[in-house]
Amino acid sequence: MTTIHDAAVLGAGLAGSSIAKSLADKGWDTLLLDRQHFPRHKVCGEFLSPESQSTLQALGISDSIKALGPSSIERIRLIFENGAEVEIPLPGKASGLSRFTMDSAIHLAAQQAGARLETGTTVTAVRPAKHGFSIDIKQNGKIGTVEARTVIAAWGASQRAGLPGFRQAKSAKPSYIGVKTHFQGLVMEPVIELYFFRGGYLGLCPIEGGLVNASALLQRDAFVNAGKTILMIIQAAARRNPKLQRKLAHAQPISGSQAAVSPIYLNRKPLAWDQLPLLGDAASMIPPLCGDGMSMALRSAALCAPLVDRFLRGELSMTGWQQAYTKLINREFAGVMRWGGLLQWLFSMPNAESWMPHAARLAPGIAQALVRATRLKPYRQ
């Protein structure tokens with residue numbers, strides 16, 4: 001007899017594993033699938049903004065995250081190609097924590113709550129079935145099918161493009177490449193440093209264990225000849241900002257921590273539903289410059305979980321769930337993404353480095369207001 005799970009979550013990143021834990025906490029038979037093996041390094045700023053703290057508490061994972069020893073971050077420092085710097089205080093406590101460590105911790109919390117985790121499992125199709133959905137999977141070369149009353153898509157920004165019937169990722173220009181590595185041997189204050197240069201920017205964020213995460217968002221056309229390895233690309237980026245080049249001169253990359261993703265297309269509007277509810281980057285890809293991507297992924301899980309619970313209890317129809325979730329996603333994310341797109345555009349303007357630092361010093365309130373505009377409000381259940 002085929003087991004019919006209450007919920008299948010496709011994607012075991014922050015959003016997927018968080019909602020799997022939340023549903024398992026409520027007693028639902030929850031299956032969590034991901035095509036990757038964990039732990040793994042992922043392109044990410046690895047910055048937990050102050051706004052993420054209330055969401056972590058709502059999801060019941062705040063203590064698990066604190067136990068990992070994240071770094072403390074108090075402010076943002078913008079460093080331009082011409083050497084000009086602008087420092088902006090954060091509106092509360094922020095943290096730096098690697099995805100390698102954080103994903104594993106949330107997986108453990110989800111499994112302890114009763115969720116079943118299957119990694120190295122590729123989803124090849126999702127189809128309506130008699131009791132909900134039928135999900136075709138491929139694991140260790142074997143093809144199989146699982147069934148669930150409902151399916152939640154937390155598969156990132158690009159995986160749905162390979163599934164029949166789902167929207168393809170938009171190919172609008174410009175497109176970007178994301179790269180990251182961890183370094184040791186860097187002395188960092190409790191600050192996240194953003195270095196700007198022609199064709200992109202790179203952030204340095206202190207994380208657990210005295211390490212520093214270096215992640216960059218780069219215009220693909222501007223770095224086509226940068227090199228064939230991730231470290232070569234990061235070195236090419238550093239050469240475009242003298243202060244960054246000096247900062248990394250004696251830094252030692254951690255073997256195996258490198259990751260890359262391409263192409264990246266930044267969304268201007270959130271997409272809450274595409275046949276299935278969408279969580280995390282599948283719903284919204286905010287410019288990494290805003291530093292709230294991890295918080296938004298967690299928030300989407302916190303917003304969706306109560307609606308899934310009501311649907312499974314028979315208190316809410318699928319249409320009602322879609323309408324309510326779409327309204328919540330638009331309310332929470334639409335304004336943040338609009339302002340994030342504006343900020344991305346401002347920093348990519350020609351000669352931005354010549355006027356932006358002066359504007360920020362003359363009107364510090366405007367700079368802080370822009371930071372606030374690209375952040376989520378504290379989560380309230």
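Predicted model: local features only at pLDDT ≥ 70, side-chain atom pairs only at ≥ 80, totals over all residues.
Local features need pLDDT of at least 70 and side-chain atom pairs count only at pLDDT 80 or more, while totals for chains, interfaces and linings use all residues. Residues are numbered from 1 along each chain as its sequence is written, and side-chain values use heavy atoms, with hydrogens and water left out.

Q: Is arginine 149 buried, partly exposed or exposed?
A: Buried means under 20% relative accessible area, exposed over 50%, and partly exposed in between (1.4 Å probe, protein chains only). Arginine 149 has a relative accessible area of 30%, so the label is partly exposed.

Q: Which residue's side chain makes a polar contact with the side chain of arginine 149?
A: A polar contact is a pair of N or O atoms within 3.5 Å; within protein, one must be able to donate a hydrogen and the other to accept it, and residues adjacent in sequence count only if both atoms are side-chain atoms. Here the side-chain pair sits at 3.1 Å, and the partner is aspartate 6.

Q: Which residue has its backbone oxygen 2.7 Å from a polar atom of the arginine 149 side chain?
A: Contacts of arginine 149 (heavy atoms within 4.5 Å), not counting residues up to four places away in sequence, include Phe311 and Leu312. The backbone oxygen at 2.7 Å belongs to leucine 312.

Q: At what angle do the axes of helix α1 and helix α7 cross?
A: Two packed helices are described by the angle between their axes and the distance between the axes. The axes of α1 (residues 14–25) and α7 (residues 293–312) come within 8 Å, and they cross at roughly 30°.

Technical notes:
Axes fitted to C-alpha atoms, helices over the stretch in contact; angles between N-to-C directions. Helix = DSSP H or I, 4+ residues; strand = E, 2+ residues; numbered from the N terminus.
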